[in-house]
Amino acid sequence: MSAHDDIRIGGITPFTTVDWPGQLAAVAWLAGCPWRCPYCHNHGLWTEAAAQYDLADLLRFLEGRRGLLDGVVFSGGEPLAQPGLGHAMGQVRELGFEVALHTAGAYPERLRQVLPELSWVGFDVKAPWDRYDDITHAPDSGVAARTSLQMVLDAGLPMEARTTWHPSLLTPDDLTAIALQLAELGVPAWRVQAYRSEGSTGQLPDETVYPHDVPAQAQAAIADYAFRRA
Ligand code: SF4
């Protein structure tokens, strides 16, 4: 295995039932993300300096979990920031585990390469496409995210879109715009996640939102809609 095929992992959650709905999974939290969302709960993973484990460590851990877990979620950070992700997913599948991906869609071409490995995708949707950069602080991020989401949908993969809502970043009208854009693309499931201050970057005022704050038009736009606490 070349260094290019390795991955840098900030942490491993041995067992979860919430990061991949309906599956018993482990989560590999990959280090590195090119975006800088002010509500990020994983800002400790923003740079690869957070790495504590590599692919060999993950595979060693999984050897002992065969038959006990359905699959592995690659989360982050932004897992696709690492060019070795596809190789790592292939190795995990060879051990007999299914593979899921949490992504915000910053790397469409890398996403295209790993799509055949995936059984499920949790896709972060930050904002209406034309407002993305206000949240990610990265140029043209909405174009990359929209392209990536379209790829996931075109591949026919089971998926869920999620939007973290802080009222200083997105208005109720923004939420409706997001919902209508997702509906137009054919997104089957959407979760609005209320911002949670604990563990975030501390850049935002400590305000919260409630299920009834989400406009009815937004709630009705996607058949499988739910509000949850992040
Ligand atoms: S894309 Fe995800 S990991 Fe990256 S800064 Fe935003 S919330 Fe954090």
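## Contacts and overall size

Residues 24 or more positions apart make up 73% of the protein's contacts with a separation of 6 or more (a contact means C-beta atoms, placed from the backbone, within 7 Å). This is a predicted model, where local features need pLDDT of at least 70 and side-chain atom pairs count only at pLDDT 80 or more, while totals for chains, interfaces and linings use all residues. Numbering runs from 1 along each chain as its sequence is written.

A compact globule of 230 residues would have a radius of gyration near 17 Å, and the protein agrees, because it has 17 Å as well (taken over C-alpha atoms; the rule is 2.2 Å times the number of residues to the power 0.38). Along the principal axes, the C-alpha atoms fill a box of roughly 50 × 35 × 30 Å.

## The sheet

There are seven helices and eight strands (DSSP runs numbered from the N terminus: H or I of at least four residues, E of at least two). The eight strands form an open, mixed sheet, ordered β1-β2-β3-β4-β5-β6-β7-β8 (strands pair if DSSP finds at least two bridges between them). β1 (9-16) and β8 (224-229) are the edges; each has a single partner strand, so one side of each lacks a neighbour in the sheet.

Strand β7 (residues 189-194) runs parallel to β8, joined by six bridges, and A189 sits opposite D224 in β8.

Technical notes: Contact = placed C-beta atoms within 7 Å.
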